[in-house]
Amino acid sequence: MKKSTRTLLLIALATPFLVQCASQSDLDDVRYQLRIVNKKLEDMKSNQVNQLQKRQAAATGQMDQFESEILAVKSQLEETYHLNQRLKEQNKELENSISTIAQNEAEQRAESLKRVEQQQREKEALILELNEKLQQQEDSVQAIQQARILEAERRAKEAALAAELAKTKNRTTASNLQSSGSIIQIKQTQKKVRRSVLTPKPAAGVAVNTSTSGTSSQSKKSSSSKTVAKQSGKSATASTPTADNMTKGQQLYSKGKYKDALSVFEAEAANSSAPSAVGARYMMAESLYQLKEYDKAIMQYQKIISQHANDSKAPASMLKQAMAFEKLSDKDTAKVIYKKLIKKHSSTPEAAQAQEKMAKL
């Protein structure tokens with residue numbers, strides 16, 4: 001735009017000089033060119049003005065649009081500001097309420113924790129009291145068990161002493177009868193009495209009765225003397241232990257002859273230095289158990305438990321001892337022994353059996 005005006009001015013200034021120097025045709029050409037230039041200038045002005053106006057109108061529309069958008073943004077910002085203010089107020093209220101709730105919950109937790117601690121202390125005190133009572137009961141049960149074992153031993157000793165006295169008495173009676181030859185007379189009188197009983201006489205009825213009473217007493221003595229002789233013979237054979245005593249006892253035990261097996265095992269157990277003494281004592285207890293003499297069986301089991309605690313027969317002895325107490329309807333003592341067995345011999349099959357039996361009590 002500036003360059004075209006400069007050229008026009010230069011041409012206008014140079015026109016007089018050109019008129020003087022140039023011809024008429026040249027002037028016409030120059031004028032024609034000037035008209036063309038002026039037309040171009042006018043066209044350029046009109047085009048540029050129109051474009052500028054259009055641009056200005058477009059810019060004005062954009063400005064209006066921007067203003068409307070700015071107003072909308074301002075309104076949104078105001079609404080956002082108001083919302084933020086409301087949210088801040090609500091947040092303050094929420095913070096106050098949350099702090100109040102948190103404080104209340106903290107107080108409640110503290111109170112509940114105090115109650116729990118108090119209950120825990122009470123439970124611990126109760127557990128200690130129950131443990132003390134349980135210990136006292138276990139001590140009392142152990143004392144009862146020991147007393148029962150001692151009582152069983154005392155009864156067994158009394159029975160053994162009575163049996164020994166009876167044997168001595170029977171031996172004395174048998175020796176007296178054999179020395180006087182009364183056994184033969186008793187047999188003859190028994191035959192006479194039987195005959196008289198078959199053919200009774202009314203006149204001699206009293207004599208017959210007296211003779212039968214006398215002979216019956218003598219026959220009882222003779223039979224007892226024979227029994228004593230047989231028992232003494234058995235004890236004599238059993239008191240001489242042989243190499244196959246255990247085999248013989250096992251055979252008798254398997255056949256159900258528990259008394260005969262007991263005498264054999266007793267003879268073998270009497271030799272404490274023998275390697276099979278503990279096994280023989282265990283089989284003695286087993287024989288007594290089968291004979292339902294549970295008190296004596298308990299005593300024999302106890303000897304193995306106390307004197308041979310590390311022997312392989314100790315767990316089985318504890319198990320059968322508890323079963324013997326259970327047979328005597330003493331379930332409390334049986335439970336105590338089962339617990340000891342499980343605690344002391346936990347890896348043995350007998351401990352598993354004890355666990356099963358405790359569950360059934």
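1. Axes here are lines fitted to C-alpha atoms, for helices over the stretch in contact, and angles run from 0 to 180 degrees between N-to-C directions. Helices are DSSP runs (H or I, at least four residues), numbered from the N terminus. This is a predicted model, in which local features need pLDDT of at least 70 and side-chain atom pairs count only at pLDDT 80 or more, while totals for chains, interfaces and linings use all residues. Residues are numbered from 1 along each chain as its sequence is written, and side-chain values use heavy atoms, with hydrogens and water left out.

2. H8 with H9. The axes of helix H8 (residues 294-307) and helix H9 come within 9 Å and cross at roughly 155°. H8 and H9 are therefore roughly antiparallel (angles over 145 degrees). Their crossing is left-handed (the near helix is turned anticlockwise from the far one by less than a right angle). On the H8 side, contact (heavy atoms within 4.5 Å) involves Tyr294, Ile298, Tyr301, Gln302, Ile304 and Ile305. H9 contributes residues including Lys313, Met318, Gln321 and Phe325. The contact divides into 9 nonpolar, 3 polar and 3 charged residues. In this scheme Ala, Val, Leu, Ile, Met, Phe, Trp, Tyr, Cys and Pro count as nonpolar, Asp, Glu, Lys and Arg as charged, and the others, Gly among them, as polar.

3. H9 with H10. Helix H9 (residues 313-327) and H10 have axes that come within 8 Å and cross at roughly 165°. That makes H9 roughly antiparallel to H10. The crossing is left-handed. H9 uses residues including Pro315, Met318, Leu319 and Phe325; H10 uses Thr333, Ala334, Ile337, Tyr338, Lys340 and Leu341. By class, the contact has 10 nonpolar, 2 polar and 2 charged residues.

4. H10 with H11. Helix H10 (residues 331-344) and helix H11 (residues 349-360) pack at about 145°, with axes 9 Å apart. H10 passes H11 in a left-handed crossing. From H10 come Lys335, Tyr338, Lys339, Leu341 and Ile342; they meet H11 residues including Glu350, Ala354 and Met358. The contact of H10 with H11 has 6 nonpolar, 1 polar and 4 charged residues.

5. A pocket is an open set of points on a 1 Å grid over the protein atoms alone, where a 1.4 Å probe fits, with protein on both sides within 12 Å along at least five of seven lines; lining residues have an atom within 4 Å of a point. Helix H2 (24-180) and H10 each supply at least two lining residues. H2 gives the most, with 7. Among the lining residues are Leu134, Glu138, Asp332, Lys335 and Lys339. By class, the lining has 3 nonpolar, 3 polar and 6 charged residues.

Technical notes: Parallel < 35°, antiparallel > 145°, perpendicular 65-115°, else oblique.
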